[in-house]
There are 2 protein chains.
Amino acid sequence: MFNIAVAQSGGPTAAINASLCGVFEAAQKYSEISTVYGALNGIEGILYDRLTDLSQIITTEHDKNLLMTTPSTVLGSCRYKLKDFGEDDSEYKKITETLNKHDIKAFFYIGGNDSMDTVMKLDDYFRENNIDIKVIGIPKTIDNDLPETDHTPGFGSAAKYVATSLQEIIRDSRVYSIPSITIVEIMGREAGWLTASSCVLRANGEPAPHLIYLPECEFSEKKLYHDIEKAQKQYKAVIIAVSEGIDCVRSKSGITDAFGHTYLSGVGKYLENIVRDHFGCKVRSIELNVMQRCGSHIASLTDLEEARRIGGAAVDEAVSRNNTGMMMTFARISNNPYRVGIVPVDVHKSANKARFFPKEWINEEGNNVTIDALNYFLPLIQGEPAIEFQNGIPVHFRLDQ
Amino acid sequence: MFNIAVAQSGGPTAAINASLCGVFEAAQKYSEISTVYGALNGIEGILYDRLTDLSQIITTEHDKNLLMTTPSTVLGSCRYKLKDFGEDDSEYKKITETLNKHDIKAFFYIGGNDSMDTVMKLDDYFRENNIDIKVIGIPKTIDNDLPETDHTPGFGSAAKYVATSLQEIIRDSRVYSIPSITIVEIMGREAGWLTASSCVLRANGEPAPHLIYLPECEFSEKKLYHDIEKAQKQYKAVIIAVSEGIDCVRSKSGITDAFGHTYLSGVGKYLENIVRDHFGCKVRSIELNVMQRCGSHIASLTDLEEARRIGGAAVDEAVSRNNTGMMMTFARISNNPYRVGIVPVDVHKSANKARFFPKEWINEEGNNVTIDALNYFLPLIQGEPAIEFQNGIPVHFRLDQ
């Protein structure tokens, strides 16, 4: 008999709790696993011995169902980077101490690029010091920018939120008889996956967004004006999806308020101002903000089920196959019918690395994406989970008040 | 036999098309009504004779179902204010000409405060000139600020969107172990109804938003700092719901960019900056933007059904009861069980007037609302419409491309 621990790290998504659920459920299949501990606030929970017995929290099928449709991280999160143990191994000793104290033989870390760095370093340390504790990474990020995996849990739900909201914004933008330009800013500092996913509306015959700008493509204001002029010939209300990470001059424009404070604003607001100045027509910008990463009420069922499945597969990998130092990944077998397998990959291959939107899926003009991108995205947003409502509001699984 | 016309005006909501549906359906019960015309872009459609036969557009039950769950205005909208006919009656003559040309004996206008001005002026003109055309106003606005009616169609869906999104933002804000302040800006330039409605989360045991600021209450930055300090003693992540219309100094702060352009930003962004300066902790602001007025995918079924019903009641009022110059209103009979009647009110009583959030429903500290407010709001957000999905995206009823 031994115990295992699981923790959640990085930015919230709609699917991290589904992966937690998957870990918890899979562990219950193994008679040799006694307790599944949840560490509070990611690796900090292991460092400071803040563990909670998940079976005390998730007690019924109803709890599991709520957990599946509750966004963000029920155990809390962190942005904690472990030092290099070659220079300072004190954190590693503390972690080992906590894990040994609770007889934890496997640790599962649900997170993105940075969290995979933690998985990698811990596994390296345990191997070097002959410590028999398995470490497995379970991917999540709405940015979809983890290498080696076809896509990441959390991305499909974010994409479904973006498409749903964007379609409503499109309806909203078409009501007046005057020309207008609407700029929608979508998350993704380095990779344009989520912004690119807005192309899915085409599958239902919706031509907007008419322009899509990604960080993977060179951006210039001159080109933007030219693209808008061209789009205006065809569409009264021009809709633009723009990644927060595109390279424009806002960081250099030194916007300050009356008190001399630098005034931080998103790329959308910046573009709104310059486009209004240039065209003189009705221009507005909309930031989908954190709602796009925690919009559980319009989550993708495919995403949630896959997140649960990959959480379970991580437990199998460590316990059945005695493996460690791996990140679990999705390998797509086919688009139509959509089929996907789960494959472990050496975590060294994905830690601290980013996967960018493929250049060959960007159109020649650099202002939209191709049909291959559409075919890639569509399966990931399929299906709607059953949401439980109470007093007209979705019910969330909550530990804190 | 005669014809009728209907038009939509003002800002989009999730329920305006439901009222259009109600008008269309009710008209079909009357054998004396031949054609139901939809005027494009509100009263502009009547002025410029841009009418469409609704039976050519809404042909099946499926069309009606889609219309019910499609946000914004399928016939387009306008912000057109009729001149005073005592000074210049040329527009009125054009309108009468179009209506007579198509043998239209009743005109239904779905809109907010400004649109009721149009209803009032048209009715006054028709009466003065002995023109037998009925004019009836059908209320809509997410602001809920039309006088005489208990609430307005569109408000319940906006409130449900705000509560649902806010709850997800609350989950998102609680993940890290550090203190934080989240400011959510909600629509309502003059009236705080929608911001106040964020209190509904309390019905499910959620204490946030911890602070609620409305335009109806005096606001000062000093008070805000004091309120936050107090809230921080109890909550690590303080959540603030603030109406876009609160009276703060942002309009006087003269924010400009490097080019000297005035930099317009919302109250949320402004407060984010001053609160960060004051407290030095993690502060962020989120604008729910136009998504809150067109979030059909999380609409209130109560709202949509009432919107449909009040559209139908308007037709009955004009055709069965031969009435004109009225705005249809909701009169609440009881909260629990929720019961509501529909009553016509002289449109002069509501045109160009606003109804504010009751002072007696604001707490003594002026930073939250009372249980009476909660009891008022709750029935309006109940129920979820069945949404049709195609390719993972809600299907919208569309006339345009």
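This is a predicted model: local features need pLDDT of at least 70, side-chain atom pairs count only at pLDDT 80 or more; totals for chains, interfaces and linings use all residues.

One pair to look for on your screen is Leu211(A), whose bridge partner in β8(A) is Ile240(A).

Now widen the view. The open sheet has four strands in chain A, ordered β7-β8-β6-β9, with parallel pairing. At its edges stand β7 (211-213) and β9 (282-287) of chain A; each has a single partner strand, so one side of each is left without a neighbour in the sheet. On average, and ignoring direction, neighbouring strands here are turned by 15° against each other.

Next come the helices that meet this sheet. Helix α7 of chain A, residues 155-173, lies across β6 (180-186), β8 and β9 of chain A, and runs at about 165° to β6(A). Helix α9 of chain A, residues 221-232, also packs on the sheet, where it touches β6, β7 and β8 of chain A. The direction of α9 makes about 145° with that of β8(A).

Where does this belong in the chain? The domain assignment gives chain A a domain 2 spanning 157-294, and a domain 1 built from 2-141 + 296-352 + 384-393. The C-alpha centres of the two domains of chain A lie 34 Å apart. Their contact draws 13 residues from domain 1 of chain A and seven residues from domain 2 of chain A. On the domain 1 side, the residues that touch domain 2 of chain A are seven nonpolar, five polar and one charged.

For another piece of packing, turn to helices α1 (residues 16-28) and α4 (residues 61-68) of chain A: their axes come within 7 Å and cross at roughly 145°. From α1(A), the contact uses Asn17(A), Ala18(A), Leu20(A) and Cys21(A), while α4(A) brings Lys64(A), Leu67(A) and Met68(A). By class, that contact has five nonpolar, one polar and one charged residues.

Finally, step back to both chains. The same surface serves both copies, as 100% of the contact residues of chain A recur in chain B.

How values were computed: Residues are numbered from 1 along each chain as its sequence is written. Chains are lettered from A and ligands numbered from 1 in the order in which they are written. Two residues are in contact if their C-beta atoms, placed from the backbone, lie within 7 Å. Two strands pair if DSSP finds at least two bridges between them. Helices (H or I, at least four residues) and strands (E, at least two) are DSSP runs, numbered from the N terminus. Axes are lines fitted to C-alpha atoms, for helices over the stretch in contact, and angles run from 0 to 180 degrees between N-to-C directions. Domain bounds come from an automatic or database domain assignment. Ala, Val, Leu, Ile, Met, Phe, Trp, Tyr, Cys and Pro count as nonpolar, Asp, Glu, Lys and Arg as charged, and the others, Gly among them, as polar.
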